[in-house]
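Visitor: Could you walk me through how to read the ligand sites and the nonpolar cores here?
Guide: Gladly; let us look together.

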Amino acid sequence: MVQPFKKNVLCIGAGYVGGPTMAVIAAKCPDYKVTVVDINAERIDAWKSDELPIYEPGLLDVVKIARGRNLFFSTDVDTEIMAADIIFVSVNTPTKTFGEGTGKAADLQYWEKTARNIVKNSKTNKLIVEKSTLPVRTADAMERILNANNKGIHFEVASNPEFLAEGTAVPDLLNPDRVLIGTHETETGLIARKELVELYAHWVDISKIISSNVWSAELSKLTANAFLAQRISSINSIAALCEKTEANVSEVAYAIGKDTRIGSRFLNASVGFGGSCFKKDILNLVYLCEHYGLSEVAMYWENVVKINDYQMKRFVRTMLHSMFNTIAKKRIALFGFAFKADTGDTRESPAIYVAKQLLDEQAHLVISDPKAIENAKRDLRGINGTIEYDSNPYSSAKGAHAIAVLTEWSEYKKLDYEIIFSSMEKPAFIFDGRNILDHQKLFEIGFNVFPIGKKALTHF
Ligand code: NAD
Ligand code: UGA
């Protein structure tokens, strides 16, 4: 019988990374069979339908190119492991919530369980690829678990971290800045490197496929996220100073971003960064530095997270103080709950922190978001207070004392704020946690406007 596919690629973990990454690999590599497995049957069913389990612009079109042709979704993890040549592991690696390293170290239980499952169900040599974000030197431990088998099977471990951002996952995957492949520089390691380069070279220019040793690849992923988050905390710290000095953070960001050594991207001051990875990965880096006795380095990076916490706190404090130090029973509309635009993901969203603090002050919240209402309900389940959910921003703002913009959805820029203003309690406040609105125009309509890192525009 002719083997129809050149290789069987398996991905364990059908989440925000595993699903889109494999969909693009399958679409671009019709000669590879790509199967994505997960223990979560509901998620797998959704991947088989047109209601994908995650909202990501353009993703369904890519899935449709390959699904049923060379892209398959399954819950039969064991059988698929047996058939695979290359296994990407893209399970979650959250921050530990128990024992040593609580609150900082990565919880590697899902990864280790997967490694043991791979050993149990394998009969042939396999290439195991770390797609999840892992502490530097995790591959060491994984290799020991994988290769401590008495079946004579060799598992080669490579690190191929993912750099996609949610909301732009499809373009990021189709046209990545780089693909990083970390392997051992041994004979089997170099074969693995070649195999992965061959896969990505189906659509990524070879000059963008970079190789390194395994440890550099693991550490590069943590470092990339730390640097990106650091830029946001840096500009947010300057935003606080702008608010005291009448400097304008957008003007400052524009001016410094013109320096090509600094660059203009990732300098938008905001209510704070969210998402499942920045905080987790920086705290993981902090934990690693502490583990290696590098306390000054650990402290340096921990401050990126501390400034982010400070920024969210500062946002709520500004709301409270400007609304006459009381927001009890006041209706406040939150525009956006997702951690960024174009995703329904709310993991570590600043909106969660802001909502909880406002509820502590006994505000009456109305939460609006085009894609994240269901996740918001889950995030706030069991929290005391008055919360309404309404995906329509107009009705959510009706009768409200204030609007807080927490996600930079472009539709919030296009709303008719005259209509919104006329339906609100007076004085009406707007706190733009993303600096996306036309503040002068809002002020002229009658709002008291509080941007980030800019002078507030008030009528009193
Ligand atoms: P996720 O929680 O969306 O998906 C992980 C999936 O793994 C879940 O569906 C879970 O059911 C499954 N899983 C867990 N244990 C399993 C097992 N033993 N067998 C089979 N399936 C199992 O997580 P995610 O956002 O896709 O992130 C995955 C990894 O990728 C993390 O390490 C993360 O840091 C990293 N990462 C995430 C992003 C992002 O934008 N979300 C970007 C780059 C890297
Ligand atoms: C981030 C990185 O950008 C990806 O490269 C990385 O792969 C991913 O983490 C990961 O490892 O999970 P993501 O968290 O999906 O991607 O989204 P970002 O676009 O980085 O935004 C993160 C947060 O920072 C959002 O809350 C966003 O609103 C905020 N942000 C971003 C700002 O406040 N200001 C900016 O200038 C940029």
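Guide: A polar contact is a pair of N or O atoms within 3.5 Å; within protein, one must be able to donate a hydrogen and the other to accept it, and residues adjacent in sequence count only if both atoms are side-chain atoms. Here, a polar side-chain atom of Lys280 lies 2.6 Å from an oxygen atom of ligand 1. Asp38 likewise places a polar side-chain atom 2.6 Å from an oxygen atom of ligand 1, and for an N or O atom in the side chain of Arg347 the distance to a ligand 1 oxygen is 3.0 Å.

Guide: One caution on the source: this is a predicted model, where local features need pLDDT of at least 70, side-chain atom pairs count only at pLDDT 80 or more, and totals for chains, interfaces and linings use all residues. Residues are numbered from 1 along each chain as its sequence is written, chains are lettered from A and ligands numbered from 1 in the order in which they are written, and side-chain values use heavy atoms, with hydrogens and water left out.

Visitor: Which residues come nearest to ligand 1?
Guide: A residue is near a molecule if one of its heavy atoms lies within 4 Å of it. Around ligand 1 there are 25 residues, and Asp38, Arg43, Thr93, Glu166 and Lys280 come nearest.

Visitor: And which residues are closest to ligand 2?
Guide: Of 21 surrounding residues, the closest are Leu164, Ser270, Cys277, Phe339 and Arg434. Ser270 has a polar side-chain atom 2.6 Å from an oxygen atom of ligand 2, Lys340 has one at 2.8 Å from a ligand 2 oxygen, and Phe339 uses a backbone N or O atom, at 2.7 Å from an oxygen atom of ligand 2.

Visitor: How much of ligand 2 does the protein bury?
Guide: Accessible areas come from the Shrake-Rupley method with a 1.4 Å probe; for residues, only the protein chains shown count as cover. Ligand 2 taken alone exposes 700 Å², and the protein buries 90% of that.

Visitor: Which residues of the largest nonpolar core touch the most other members?
Guide: A nonpolar core is a set of buried Ala, Val, Leu, Ile, Met, Phe, Trp, Tyr and Cys residues joined through side-chain atoms within 4.5 Å. Buried means under 20% relative accessible area (1.4 Å probe, protein chains only). The largest core has 43 residues, and Ile25, Leu71 and Phe88 touch the most other members. Apart from this core lies another, of 41 residues, including Ile12, Val91, Ile232 and Leu285.

Definitions and conventions: Buried < 20%, exposed > 50% of the residue type's maximum accessible area, 1.4 Å probe, protein only.
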